Amino acid sequence: MNRLSPFNVVSLTFGFAFLYLPMLILVIFSFNSSKLVTVWAGFSTKWYGTLFQNEAFLDAAWVTLKVAVMSSTFATVLGTMAAYVLVRGGRFMGRTLFSGMIYAPLVMPEVITGLSLLLLFIGIGLDRGVMTIVLAHTTFSMCYVSVVVSSRLATFDRSLEEAALDLGASQFDAFRLVTLPIIAPAVISGWLLAFTLSLDDLVIASFATGPSATTLPMKIWSSVRLGVSPEINALSSILIGIVSVGVITASLMSKRHAVRVRREEQAAQRTA
């Protein structure tokens, strides 16, 4: 059994401190009673109450959540369809161009993507707002869904589909009843990835949005440009808490599932 050397311990300590110490400081100062975010004046939770009374932040959070749900859903549907065509479609005319267009947003700078979408919306006369942000986020996030689902389809045992077809199922029924339930974890993972990318996006949304829609990252950025306020610290702390709860919950569920599978395997071995 290999033990951690002092060098590895020091390296891990500095690495984790570099990553998480700023977050810890931010959470601590979110409970600062002073308006000066760098001067500690006592413990207080008043900035959380002020945050929930701030209509601008609440409206931006609602727009962000609505855009993230819609764009991730559209991106999951389109990305799954694109992945199925790429993996199961074989060689067809235009395959190279099709795959290049699907994967282009992975390597394309967000500024270029946002500017091209802005010119497109202006060219077709589409008023910028929530719907244009949804279209923009769907465009750049569907490629991530396609990558995740393609990797699962590439290792999929097609004999399961063939068995369903031999039993009289149609192509659509075989996909709906056999293929889709098996690749569902990859589809869900793609949806969650697209949802996270949409929540975090600032650059593309700033190009695609209009005066009627402001996302939360855009609102935070515009507020920080005038100086960091205690409300920003409180909002960031809430987001950190939500993410932490989500990660811990997912880890516990994954661990519980692994334990259940191990127990079922042991029970099956004892029965055999």
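**View 1. A lysine over an aromatic ring: Lys219 and Phe57.** In this predicted model, the charged end of Lys219 is placed over the ring of Phe57, at 5.8 Å from the centre of that ring.

View 2. The structure contains five aromatic pairs, and one of them joins Phe16 and Tyr20, whose rings are stacked with 6.1 Å from centre to centre and 20 degrees between the planes.

**View 3. The stacked rings of Phe31 and Phe43.** A pair of aromatic rings is described by the distance of the centres and the angle of the planes. For Phe31 and Phe43 the centres are 5.2 Å apart and the planes meet at 10 degrees, so this pair is stacked. The pair links distant parts of the chain, 12 residues apart, with Phe31 and Phe43 each in the loop between helix 1 and helix 2 (46-52). Phe31, at 23% relative accessibility, counts as partly exposed, whereas Phe43, at 62%, counts as exposed. Ring pairs also bring in Tyr48, so that Phe31, Phe43 and Tyr48 are linked into a cluster.

**View 4. A nonpolar patch on the surface that includes Phe16 and Tyr20.** Leu4, Val9, Leu12, Phe16, Phe18, Leu19, Tyr20 and Met23 make up this patch, and together they have about 850 Å² of accessible area. One of these residues, Leu12, lies in helix 1, and Leu12 counts as partly exposed because its relative accessible area is 42%.

**View 5. The salt bridge between Glu161 and Arg88.** Side chains of opposite charge can pair when their charged atoms come close. A search of the whole structure finds two salt bridges, and in one of them the side chains of Glu161 and Arg88 meet at 2.9 Å, taken from N to O. Glu161 is part of helix 7 (residues 158-166) and Arg88 is part of helix 3 (residues 55-88), so the pair ties together parts that are 73 residues apart in sequence. Glu161 counts as buried, with a relative accessibility of 8%, and Arg88 counts as buried as well, with a relative accessibility of 15%.

**View 6. The salt bridge between Arg176 and Asp173 in helix 8.** Here the side chains of Arg176 and Asp173 meet at 3.2 Å, again from N to O. Both residues lie in helix 8, which covers residues 171-200, and they are three residues apart, about one turn of the helix. Arg176 counts as partly exposed at 41% relative accessibility, and Asp173 is likewise partly exposed, with a relative accessible area of 26%.

View 7. Across residues 67-87 the chain is 100% helix and 0% strand, with 29 Å between the end C-alpha atoms. Across residues 99-124 the chain is 88% helix and 0% strand, and here the end C-alpha atoms are 26 Å apart.

Conventions: Residues numbered from 1 in each chain as written. Predicted model: local features only at pLDDT ≥ 70, side-chain atom pairs only at ≥ 80, totals over all residues. Heavy atoms only, no water. Phe/Tyr/Trp six-rings, centres within 6.5 Å; stacked < 30°, edge-to-face > 60°. Helix = DSSP H or I, 4+ residues; strand = E, 2+ residues; numbered from the N terminus. Buried < 20%, exposed > 50% of the residue type's maximum accessible area, 1.4 Å probe, protein only. Lys NZ or Arg CZ within 6 Å of the ring centre and 35° of its normal. Salt bridge = Lys/Arg side-chain N within 4 Å of Asp/Glu carboxyl O. Patch = residues over 30% accessible without salt bridge, like charges linked within 9 Å, V, L, I, M, F, W, Y side chains within 5 Å. Areas by Shrake-Rupley, 256 points an atom, 1.4 Å probe, with all protein chains shown as cover.
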